[in-house]
Amino acid sequence: MAAKTLFDKIWDNHVVSSIEGGPDVLYIDQHYIHEVTSPQAFNGLRERGLSVFRPEKTIATADHNIPTKDQNLPIKDELSRKQVEQLEENCKNYGIEFFGLNHPNNGIVHVIGPELGYTRPGMTIVCGDSHTSTHGAFGTMAFGIGTSEVEMVLATQCIMQTRPKKMRITINGTLQKGVTSKDIIMYIISSISSGGATGYFVEYAGPAISDMSMEARMTICNMTIEMGARGGLIAPDEITFEYLEGLSPSTGNLNFDSFFDNWESLKSDADAKFDHELEFDAGQAKPMITYGTNPGMGMAIDGIIPLVPEANADSAGSYLKSLDYMGFKPGMKILGHPVDYIFLGSCTNGRIEDLRAFARIVQGREKASNVTALIVPGSKRVEQQAIKEGLTTILEKAGFELRQPGCSSCLAMNDDKIPAGKYAVSTSNRNFEGRQGPGARTLLASPLTAAAAAVTGRITDPRELLE
């Protein structure tokens, strides 16, 4: 038999039928939905008189529009409240499990899926959300879909897709002090541009990946789409299995033993061919930060903003427009630049490991007086774990407040918006114009870099604050 990549193994195992000269019909193992991209899909079902084919294969949560304070009170924004209420009603009518506000399993869709044991190796996973690629960290084929496709999956548990090309990115070496998985993926994106993996599904490999925790791997796969890829995945290994075994006592969704043998075979064959291969040295990466308005416009925190001829931008005009929006200029150093807001959270960096990293920097220090900090756990379970570990006490002593779970300031769909003209060091995944609010200036960074800025009030190299 011909050698196969991990991606091809999962794809081929889920093909229901193939359309000659067209796409494949794929079976979907797990479907996640939230309040933003599902209402139109349910309306489509009603208009066509269709039911949800396999409701037990869909899990719903409220995350994008919910507030991160006073969640015991009704949602103030009328549109947000209606979307959440509509999701609850749709789930009730169609027999779908829903984790609403104040439910102990509530949280960001790409945080709760893994922590509740619904995400497992070898699966096909979709959601009406681009960062579904997060689940690829478990050796799944996970990708975002549009609203019409959400309707298709609800009605048939299948989806039509054209097979993408395959890319492998091998990351050798060892991460240096103060460098996290967020810095590594930002380093890669800045190297190949925000469109450098367009048309590909990316598999990550190499010793640097093998050394990463599951939380770190989720961050890597989460931001894969920020370089244009369809999704990203990492072959499951002992770290994956240990993570999943650790979930077993707290969730009834995981029958670990019955799947173990199959999971061990989920890896690319030694002689499998990829359409494109790239290699990076983790030891060359430094703490990263963005300076422009797409995730590809990133640099080492102690670097200078590239001059126009060196920029990874479509043209000098658009490059200068991006810098003008940010209030920066070519050749400028931004180390030491004052900041106004700090956001720790999102499906990229809202897990317990991220809160631990943030607390590591702020412990024994105080929040800078000029900074407003939004510290938002990715789920109720993360929130409770932070309390249990004493992280909330560390944060409070330093002048920070742990908010309630939600997508929060990742995007301007809720109350946690950044005011126009203000600078926000954000651990989220996108820095487009207006992403965090009209006129907001977003600088993407790791939890360590965000923490360093939070206690100094300016862009600071986290390595200076690490013992």
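A: Lys-321 counts as exposed, at 52% relative accessibility (buried means under 20% relative accessible area, exposed over 50%, and partly exposed in between, with a 1.4 Å probe and protein chains only). This is a predicted model, in which local features need pLDDT of at least 70 and side-chain atom pairs count only at pLDDT 80 or more, whereas totals for chains, interfaces and linings use all residues. Residues are numbered from 1 along each chain as its sequence is written, and side-chain values use heavy atoms, with hydrogens and water left out.

The side chain of Lys-321 meets that of Glu-433 in a salt bridge, with 3.1 Å from N to O (that is, a side-chain nitrogen of Lys or Arg within 4 Å of a carboxyl oxygen of Asp or Glu). Distant parts of the chain are linked by this pair, since Lys-321 belongs to helix H11 (residues 316-326) and Glu-433 to the loop between E17 and strand E18 (441-444), 112 residues apart; helices (H or I, at least four residues) and strands (E, at least two) are DSSP runs numbered from the N terminus. Glu-433 is partly exposed, its relative accessible area being 40%.

Elsewhere, salt bridges with shared partners join Lys-4, Asp-8, Asp-12, Arg-163 and Lys-166 into one network. Within that network, the side chains of Lys-4 and Asp-12 come together in a salt bridge of 2.8 Å, N to O. Lys-4 is partly exposed, with a relative accessible area of 27%, and Asp-12 is partly exposed as well, with a value of 31%.

Another salt bridge is formed by Arg-163 with Asp-8, their closest N and O atoms being 2.8 Å apart. Arg-163 lies in the loop between strand E8 (158-161) and strand E9 (165-172), while Asp-8 lies in helix H1 (residues 6-13), so this pair ties together parts that are 155 residues apart in sequence.

In E17, Ser-426 is the bridge partner of Phe-343. Strand E15 (residues 341-344) sends Tyr-341 and Phe-343 one way and Ile-342 and Leu-344 the other way, and all of these residues are buried. E15 also pairs with strand E16 (residues 372-375), in the parallel sense and over four bridges, and there Leu-344 stands opposite Ile-375 of E16.

A further pairing is found between strand E6 (residues 124-127) and E7, which are parallel over four bridges. Ile-125 has Ala-142 in E7 as its bridge partner. From strand E7 (residues 141-144), Met-141 and Phe-143 point one way and Ala-142 and Gly-144 point the other way, and all are buried.

Note on methods: Pairing = 2+ DSSP bridges.
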